[in-house]
Amino acid sequence: MEPILIFGHRNPDTDSICSAISLAKLNELKGESAQACRLGNISKETEFVLNKFNIDAPKLLSTVSAQISDLTRIEKKTINHKDSLKKALEIMTEENFSSLPVVNSKNHLKGMIHISDIANAYLNIDYSDLFSKYYATYENLKDVLEGEVISGEYPTGKIEANLKGVSEYRNLLAGDIVITTTLLDSIDDLIELGAKMIILCCDKDDVILPRDSKTPILRVNKSLFKAIPLISQSVSILSILNNEKFYSFSIDDYLVDIKDIMKESSQTNFPVIDKNGEVYGTIRTKNLINFTRKKVVLVDHNESTQSVAGLKDAKIIQVVDHHKFGSFETNEPVKINAETVGCTCTIILDLYKEAGIVPTKEIAGLMMSAILSDTLMFKSPTCTEKDIIAVNELSKIAGIENFEEYGMEMLIAGTSLSDKTPNEILTMDQKEFSMNGIKLAISQVNTVDVKGVLDQQAALEKVMADTNEQNGYQLSVLVITDIVKAGSMLLVVGDSTIVERGFRTTLTNNTAWVDGVVSRKKQVVPFLMAASQGV
């Protein structure tokens, strides 16, 4: 069974990563298959936390769009390149296919055989040099004729003899294959002349005595006129396989990426290759309708604009979040664990308690770190008494006696931005908002060196201006939060009206200090939202 994918928002912070890992571990302890994922690079702060508790970073997830492997129906029929045209026709007729993938003995893709290829081969076959011109095997010949070996030693492998009718008796050479009937008493003469094999067409009631000879006699209960066309069907697929280009897909390809290719191509069947390079099967356009949706759990967010690509293809089974719910819609009922606390991990601790499970030392350390990070060591207005109680409980399980000292060490470890480019600074924790028709982006970074960040002001403003133009934003806001002074410097590019109105300030050189503002959720977004009402 595919694991449930658990992930936080894009540009993940410590809460987003630690929530995903902690909840995945809880599911695992409850006997459910789950995998923690991330939607972006981890921050220095999160890296510090993961290293502290010896936990690997979650798998990077780029999309949950449906893949070929999620399709509920994939045709499994293929044809080996040494199989006969007759066998290919039988499969095509049975499955209503106009083409089939051709594979070698290792099940690797060799090409595509079309019914038109077989028809053209029949039109151009010259029976006099059938086996010298086309690859065929004695096994295929016996199969298509439904023959019975009644005498001699039947050969195996590739046929390298010439096919001749009994009417060519005078031109018979040793090693030729001869097709004849019981109406002509020619069997012994043909053996004497050195025939490689005798195909004897007869009635099912005819009695044919075996000969004391190694020359094989293949009895075929068909008339000569029916047997001769069948012989051409013993030709192997590889004899007529052309090198025309065709489309094939990987089992991991996304349906959204292949739909247009399939729609515009004249090809009807498309081979699918698995991770071992073998042919997994074939798909047709009609197969794309039904697929098994990936099961996902959203933590620390609930809006699709902040989530993974392809979310519409997935089945959201749970949301664990401490943010407001915006345009959140699902096609099916969803389990929601939401609470007005400072951190998602505070909610997840409750889920552990409900399950009667005590988190491991490492998981407790992650959840404690996430709460300290999201509440800025309890200084954020989003912090609640429940967050503080949770940290006290978790610190004991994690074996961290002085969580205040640890928390400051963690925050400082994550605030160095000297090695970050302006684009990285802005996208580390960036969210998009729409406020009464005003579209904007708000980024936030925590630091102990606001001046150091503003040393790159010109470069930051250029990236913000580019971001506005590319995404149709009226403005971009960078909230540079000083974790020691418990306030933030705002850097604004674009129409600053709602910023100045919301915080009752005037920007100087596109910046303004707002004392006591540390929370984007409670102290930035609500003020801007209120200010946008009058714009």
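Below I go through the strand and its partners, then the pocket.

**Entry 1: strand E10.** I kept in mind that the model is predicted. I started with E10, which covers residues 197–201. Is E10 enclosed or open? I found five of its five residues buried, that is, under 20% relative accessible area, so the strand is largely enclosed by the rest of the structure.

**Entry 2: side chains of E10.** I checked which way they point. Met197, Ile199 and Cys201 go one way, while Ile198 and Leu200 go the other way. Both sets are buried.

**Entry 3: E9 beside E10.** I looked up strand E9 (residues 177–181) and found five bridges joining it to E10, with the two strands parallel. In this pairing, Thr181 sits opposite Cys201. I then followed the chain from E9 to E10: it passes through helix H7, residues 187–192, and the β-α-β crossover is right-handed.

**Entry 4: E11 beside E10.** Strand E11 (residues 217–220) is also parallel to E10, and I noted four bridges between them.

Entry 5: Which residues are closest to its centre? Out of 20 lining residues, they are Glu2, Gln67, Ser69, Asp70 and Lys294.

Technical notes: Residues are numbered from 1 along each chain as its sequence is written. This is a predicted model: local features need pLDDT of at least 70, side-chain atom pairs count only at pLDDT 80 or more; totals for chains, interfaces and linings use all residues. Side-chain values use heavy atoms; hydrogens and water are left out. On a 1 Å grid over the protein atoms alone, a cavity is a set of points where a 1.4 Å probe fits but cannot get out, and a pocket is an open set with protein on both sides within 12 Å along at least five of seven lines; lining residues have an atom within 4 Å of a point. Buried means under 20% relative accessible area, exposed over 50%, partly exposed in between (1.4 Å probe, protein chains only). Two strands pair if DSSP finds at least two bridges between them. A crossover is right-handed if, with the strands pointing away from the viewer, the path from the first strand over the helix to the second runs clockwise.
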